[in-house]
Structures are given as C-alpha cells and as structure tokens.
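Here are my notes on this one, in numbered points. Have the viewer open while you read, and tell me where you disagree.

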Amino acid sequence: MEPCMNAQKWRRYVLLFLIISAVLNPTFGVTHYSIPEEMEVGSVVANLATDLGLDIQSLTKRKMRLDVIANKKYLDVNKETGELFIVERIDREYLCPSKTTNSCFLKLDATIENPIRMFNIELEILDINDNAPHFRRDVMHLDISESTPAGERFSLNNAVDSDIGSNSIKTYYLSESEHFTIEIQSGRDGSKLADLVLKKALDREEQAVHNLILTAVDGGVPSRSGTANIIVQVLDTNDNAPKFDKESYTVHLSENSPIGSLVVKLNATDMDEGQNSEIIYAFSLYTSEKTQETFNLNKETGEIRVKEMINYEDFKIYDMEIIATDKGSNSLSGKCKLTILITDMNDNHPEISIKSFSGPLKEDVPINTVIAVVSVSDKDSGENGEVDIHISDDLPFALKESSDNYYELLVSEPLDREKVPEYDITITVTDRGNPPLSDNETITLELLDVNDNVPQFPQTFYKIPVLENNAPGALLSSLTAIDPDLHENQYLVYFIIEKEIVNTSMSMLFSINPENGNIYALKTFDYEIEKEFLFHIEARDSGVPPLSSNVTVHIIIMDQNDNTPLIVSPWRAHGSVVEEKIPRSTDKGTLIAKVIAIDSDSVHNSRIAYQFLHNTDATLFSLDQYNGEIRTMRMFSYRDSRHQQLVVIAKDNGEPALSATVTIKLSTVETALKTYADMTEVPLGYDIFSDLNLYLVIGLGSVSFLLLITILVTIVLKCQKSKPSKAAPLCRNSVISERNSTIADSTLVSNDAYWYSLFLAETRKGKLVVRQPVPKGARYIVSSLPRSTGMTETSDSAASTLQAM
C-alpha cells in the first residue's frame, strides 16, 4: 500500500508542476514533465496533444509517434485522447546508473507528419526509495595489531544504494563494542563512507577476534537498511604503518591511451625494518570495481598502468584509494587518494540518425518537398564535437537546417523515374577535430511511377501479307507497343478501331489479343473476292487517366494457285466430247477449232499454256500454245483416216500447276453438212438477268452484230469469186470454211472474272448460240440441240473441273 500511496502523491506533484510550468513559462521550447519511477503501466503522464497545441482529432491522420529509447518503448501517445501514458515500467537506476548528478532525464522526440514537425520532450524521472543499501562484501576481515593506538582508523567496505538524494545511504550503525566505533565521512559524489575507529587499545590476549555488525541505513521514508559482518583479527605488534609521499595525487591522462601505459608510480615508506618494512600496494575497498577493471596496480612497485581502453565519453574522472600494507607479522597500512582526470581526444565518429523518412516517393513530387529529417551528433567535446553535413552535388536533393543538429532533406530538382528509378542518397557528416572524423548514412529512395508516357509502336505503319485460303483463327502477325512506365501504367490493352467496309465491320474479319497484340483472321480470305484491308489498331495503357496511341495496319491478301483452268471453248456438255465435221478439202493452215480456258487466279497463276495430250496424226494438226488455235498443217490425203481425235490440255502457270483437258473428235466429209449448235439451258434457279449477265448480254449482242455483218460480207465476196457451175458446192463449202475460219474472230476473250465465247453455228439459217459463263459455285444443267452426231466426254480431268465449278 505504501508504494501505491507514494505513487499517487508523486502524481499529484507532477500535475502541480505541469500547471506551474504552463503558467510561468508558456513559451518554453522543450516540453518538460516530471514523474516518479516505477509508475504502473498505463498511468497517464499528461495530455501531450493539449500541451503541444495539437488537434487531437488529427493525431492518427498525422501519424504521431515517439522515438524508441534503447530498444525499449517506455511511453506512448494515445492517438484518440492525446494522452502520454506509461507503456513499460521505468527504473531510474537502470536509465541513469551514474550518480554524478541527481537528475535523470529521458529525452524524447515526438514527430508528426503532414507537415512534418518534431517536438522535444524532456521527462524527468524522480527517484523513489525502492532499493535497500547493500555491501559489496557481506564479511569484512580486518587484521589489527595489538599495538595500534586508540583513535586509529580503518577503512571499511562502504555500502551502496542505487537510489539518490535522500533515498541514498544516510548513516551507518555499528553494533555495540567496547573497542570500536565508526566515523562517517562524505565522498566527492556525496556518498557516505564509514571508517572503523579504534577507541580503546586492543589486547590480543584478552580477545583475539572481534565480531562486529555494520548497518547502513538510507534516508527514505520508510527507511531501508543492509548489514555486513566485520571480523577483526588482532595481530601481534608491528607498530609502524607505511606512509605515502602525499595524501592525495591528481593525474591527467588522455583517453585512448595504449593499454599498459604508465599512469603514475606511487611510493610509500615504512620506518620498520626487515619484513615489517616490505610494502604491498592494493586498491582499497573504497575504489569502485569499474576503476579496478580499468587500471592495474602493481602490488610490488606501486605502478598504476592502463588495463583497458579509456573513453572520455564514459567516465571523465576516476577516483581511487590506494592502500600500502607492510609484510610484518602484524601488518600496518597507509593510504592515499588518487584522482585521474581524462582528457578528451577526437576519437568518436559523428553519428547520423534518420528521424523521419518519406519513401517511396512519386516521381511528380513538387520541388522543396521534405523527404527525410536527419539529426547529427558527436560525443566528443569542443571542436571535436562540432560537425558539418553535406550530400553529393549531382543529386536532385538538398539539405536545409531546421533546428540545432536537425536537417531536412528536400527535393531540389524535378524527378523522372524513367531516367533514374532509384536514388542512393549518401549523407556525410564530418567533425572539426584534428584529424577530422566522418560518418555517412545512405538512404535508398525509390520513385513510384506516374502514368506520364504514351505507348509507342516501333513503326507507324505495318504491312502484313496473308496467303488466301488461310484457316479461320490463324495468327497473322503480332504488334507490340512499348510503354516505359511501370505496373498498371505499363499494362497495355490492344483493340481494333472499328471501321465498316461494305456493311462489314473489321471486328467480323479480324480479332486482336488485347494482352499481347496478336492479330488473328476470323474467316478464310479469297484473293479473287478481296485483296486488301486497311484499319487502325490502338494500344491503351491502364493508367489513370489512360494514355493511348494507334498504328495503321495494311493487310494484303496474297494469291494461291487454287483455281483449276476452265475450258469455255469449244463448249461441251458434261460428260461429253466435242465432235466436229470438216471437209476433206480443207486447205493448209485452216483454223479447225480454238481452245479457250479461263483461270480466276491472279495474273501470274492464270497464264494458260495449251498443248496436245493426244494427237492421232501429229503431222496433220498444230496447236498454238498461247492462244489455243488448232490449225491444219497440210491438206488431207486419201491415206488419212476419216476420224481424228485430239486431246488438248490447258495448264496454268501456278506452282503446282493445275490443268483441264478437252477431247475433240474430227470427222472429214466430202460436202458441208448442216450442224446444229449447242444450246445452254439455264436452270430455273439461276438468275440469267443478274447485273453481270445483263452487261455481258449487251456486250455480246454488240459484238455478234458486228461479226454477223463481217461474215455476210465475206461470204458474198467469196461467192462472187466462184464459178457459176460450182456455185452451190463452193458456197456450201465456203459456209463451212467460213464457220471454221471465224471461230477465232467470233470468240470474246476477257481478262476479267469470266471468259465468254461466241460461236456462229448456222450462218445460212441465222442461228446464233451464246455460251453463257458458269458462275463460280453455281450448279446448272447443260443440254444441246439435236445434232447428227452425239457428244461424249473422254477427259476425266475436264469432267472433274466442271463438277468443281
């Protein structure tokens, strides 16, 4: 209950101190609080937000936080109420082990953002009496000669108390003794020391050993105490104690002196002789353990040397007491005090501490934006502790001093992540010692991407060749744009900009993978129908707002040799051959027939070459490989067969080449016979008055009219040149001859989609038969007028060609 009452009493003192501080010193630069140690976890120290003049509602948004001290977070701020409260038990003796000062301060830095501000908080930890005095040794042995006079003093192992002030050791008590008493002294640091004083001469024969109890009592309320046993061994006479040249020595020593360096050589003398005059040096119990660990005392020579590295920043003064003891049977001792003052050297590197760092950072951050707050310090003193700070000049950043030893790292130039995605900012601090020491700290600043780059295609125009008869879904090409941005700003989506061609949109013909830019065909293309497409593809990133660019794509359909030549002249019905009758008196070079084939492929693949596949008499007929004309090479003789069979193959120029054949049966007669031309029956399902047929009918009519006039004029002229007695035969033969000679003239050859042929069948009766084209993909029925001889098909290739058409 008593510690709780003390804590409540201290809490009232703290609140009273805060009120007085706020009234008397409202412009105090450092917020100061005082609390007793050992306060319960969760105890409220003060309302920090109110004391700092901050809006409590914005503490969470502004990310208020406290620095962590020595890896322990003793206090924290309640961001809901702004109260400063205890997070972990605070032990003053742990935080401030040194007793050189009674004050113990815990310095904190409170930091808030938006904008970044830092407040200095000084928390004074007040001592409470929570530690009892104790002795370093529970039992102290003293050897005292019986000849020691009354009033002689003996150093005792002093008690220690971690508390300070009134809570530290106040006095010592010695158990009741006839021969001894104690005398209390105060040390340099205010500590209480007890010397054992001989108040009455000893007599070893009466009592050889004296057992005493020494009690140390502190000044706390309630007081605490500790005890130690003193065993005094009474020795035989050795009546001269060693003495030093001086009672106290002061020595200056530089820090970082090499181990083994001589600090001082002490000298004590003993007036006795022999063994009683031989002296042994030792540290007294008054000398702290830290001092004994730092310096080594040679017990034979009295030399004090450096035992371990000395740091001015740890201890500036070392106090010790040296005892010189002789080797007599009843040894006597003398003592002196030695003070070693440490001189500072520039042996501490400056330190850099990053108090706040705002990273990563967007690349479009404004100039003069604070990136980090940096503090610098140096444990050395004087010029050795003064520091200069700088960063590299080639970086787009600058340092600006905000307060003592605090600097702000600012953006001084525009940043571009695409040029430099990350900066390693090395901050260097150098002190002004001789030689100067320095330290550095590197901050890695990553720049966050902003959507500031438009996707770019490597080319502005793409020409993509595509072979016809492609498979639907075939990959045509891949277009890839480049965006130097990152993440969603770099993720590109590709799509076709919609464009209609003859009521057909591009999306019905082509598709594009939105992720990788692969272009696919959605249908099979036919070079004979469509030859090229022109459209645009757009690449758009996923940034906010999105950026995009487009590119023009030209799809060119490449021809394949996929159409077999179609023989349109001489025309014959399906599954039949062409039969013709010619007079045996036909002259050499007479045109017997003309084979005409058409090919829907491109110019290169549609070039037709004609040749005989079978010729009954190779000396009788010739075939022009370019125009397909079959002419007689000589006149018929009586030895020549009356029936001749010719098989003509029409082959295109493709790779591999495609071909069609036609079989022509020729019969020789003595006189001209009337023949009937074939007629084409148009199927009911076929529209003979389509736009294309209408144009062709008009063209054929015009050409037929001119041919008819030409033929009539030619017949009239030939009949006039003939003799009267032979007029009828000659006229009849001339008609047949004219029919044969005008086949080439009566044929209309076109390089467009279809070929047409016109034949004059019966000039005497004026019968005219028009061979109509067979539309690609249509099925129809072919019939012929009754003739004197039937027609039979002998070529499987020709039949298959017609079937395919």
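1. Two definitions to start with: strands pair if DSSP finds at least two bridges between them, and the elements themselves are DSSP runs numbered from the N terminus, with helices being H or I over at least four residues and strands being E over at least two. Keep in mind that this is a predicted model, where local features need pLDDT of at least 70, side-chain atom pairs count only at pLDDT 80 or more, and totals for chains, interfaces and linings use all residues. Residues are numbered from 1 along each chain as its sequence is written, and side-chain values use heavy atoms, with hydrogens and water left out.

2. Strand β13 (residues 180–186) runs antiparallel to β14, and seven bridges join the two. Within that pairing, Thr181 sits opposite Val197 of β14. β14 also pairs with β10 (residues 153–155), again in the antiparallel sense, over three bridges. There, Phe154 has Leu196 in β14 as its bridge partner.

3. How buried is β14? Of its seven residues (192–198), six are buried, so the strand is largely enclosed by the rest of the structure. The cut-offs here are under 20% relative accessible area for buried, over 50% for exposed and partly exposed in between, with a 1.4 Å probe and protein chains only.

4. On to charges. I get 20 salt bridges in the structure, each being a side-chain nitrogen of Lys or Arg within 4 Å of a carboxyl oxygen of Asp or Glu. One of them joins the side chains of Arg89 and Glu38, at 2.4 Å from N to O. This pair ties together distant parts of the chain, 51 residues apart: Arg89 lies in the loop between β5 (83–86) and α3 (92–95), and Glu38 in the loop between β1 (31–36) and β2 (44–47). Arg89 has a relative accessible area of 44%, so it is partly exposed; Glu38 is at 24%, so it counts as partly exposed too.

5. Lys594 and Glu629 are both buried. Glu629 meets Arg631 in a salt bridge too, at 3.2 Å from N to O. Arg631 has a relative accessible area of 30%, so it is partly exposed, while Glu629 is at 15% and therefore counts as buried.

6. Those two strands belong to a three-stranded open sheet, ordered β45-β49-β48 with antiparallel pairing. β45 and β48 (621–623) are the edge strands, each pairing on one side only. Three bridges hold the antiparallel pairing of β48 and β49, with Leu623 opposite Ile630 in β49.

7. Last, the cysteines. With a disulfide taken as a pair of cysteine sulfur atoms within 2.5 Å, the count comes to one disulfide. Cys96 and Cys104 form it, with their sulfur atoms 1.9 Å apart. The link of Cys96 and Cys104 is right-handed, with 75° about the S-S bond. Cys96 is buried because its relative accessible area is 19%, and Cys104 is buried because its value is 1%.
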